[in-house]
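Open the model in your viewer and keep the sequence panel beside it. The tour below goes from one selection to the next and says what is there.

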Amino acid sequence: MIRERKAMLVRVSGRVQGVSFRIWARREAERLGVTGWVRNERDGSVAAMIVGSDVALANMVERLWMGPAAASVVSVETEPVALPDPVQGFQITG
């Protein structure tokens, strides 16, 4: 059975830069079978495009609320987006 894949943009705010958030996010995405990318934004937030099944996306968003030990997440905003061209793996960009 093929699982339907969906995509969403996520913005994580709080103390999320300088705490290895992107490396942690990539590890969590790979563990959950989520593809996409993560990057630091100029405003101090972290943005991510995550692609996967409904369950995988829900689990990833839940994990993003926790973040790595040194992070302090204040908000996680999500926005569904059109499924991008096939994405391989989970990349750290920017």
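**Stop 1: Met49**

Select Met49, which lies in strand β3 (residues 46–52); helices (H or I, at least four residues) and strands (E, at least two) are DSSP runs, numbered from the N terminus. The model is predicted, so local features need pLDDT of at least 70 and side-chain atom pairs count only at pLDDT 80 or more, while totals for chains, interfaces and linings use all residues. Residues are numbered from 1 along each chain as its sequence is written, and side-chain values use heavy atoms, with hydrogens and water left out.

Met49 has a relative accessible area of 12% and is therefore buried (buried means under 20% relative accessible area, exposed over 50%, partly exposed in between, with a 1.4 Å probe and protein chains only). Leaving aside neighbours within four places in sequence, Met49 is in contact with Ala7, Met8, Leu9, Thr35, Gly36, Trp37, Val81 and Phe90, where contact means heavy atoms within 4.5 Å.

**Stop 2: Val46**

Stay in strand β3 and select Val46. Is Val46 buried or exposed? Its relative accessible area is 1%, so Val46 is buried. Not counting residues up to four places away in sequence, Val46 touches Val10, Arg11, Val12, Val16, Gln17, Phe21, Val38, Arg39 and Asn40. For a distance to check, pick the C-alpha atoms of Val46 and Val74: they are separated by 12 Å, and the two residues are 28 apart along the chain.

**Stop 3: Glu41**

Next, select Glu41 in the loop between β2 (35–40) and β3. Which side chain does Glu41 join by a polar contact of 2.5 Å? The partner is the side chain of Arg39. A polar contact is a pair of N or O atoms within 3.5 Å; within protein, one must be able to donate a hydrogen and the other to accept it, and residues adjacent in sequence count only if both atoms are side-chain atoms. Leaving aside neighbours within four places in sequence, Glu41 is in contact with Arg11, Gln17 and Ala47.

**Stop 4: Phe21**

Move to Phe21, in helix α1. Phe21 counts as buried because its relative accessibility is 2%. Beyond its neighbours within four places in sequence, Phe21 has contacts that include Val46, Leu64, Pro68 and Val73. The C-alpha atoms of Phe21 and Pro68 are separated by 6.1 Å, with the residues 47 apart along the chain.

**Stop 5: the two helices**

Select helix α1 (residues 21–32) and helix α2 (residues 54–66), whose axes come within 10 Å and cross at roughly 155°. Axes are lines fitted to C-alpha atoms, for helices over the stretch in contact, and angles run from 0 to 180 degrees between N-to-C directions. The crossing angle makes α1 roughly antiparallel to α2 (under 35 degrees counts as roughly parallel, over 145 as roughly antiparallel, 65 to 115 as roughly perpendicular and the rest as oblique).

To see where they meet, show Phe21, Trp24, Ala25, Glu28, Ala29, Arg31 and Leu32 in α1 with Ala56, Asn59, Met60, Arg63 and Leu64 in α2.

**Stop 6: Glu28**

Finish on Glu28, also in helix α1. Glu28 counts as buried, at 7% relative accessibility. Its side chain makes a polar contact of 2.9 Å with the side chain of Arg63. Not counting residues up to four places away in sequence, Glu28 touches Met60 and Arg63.
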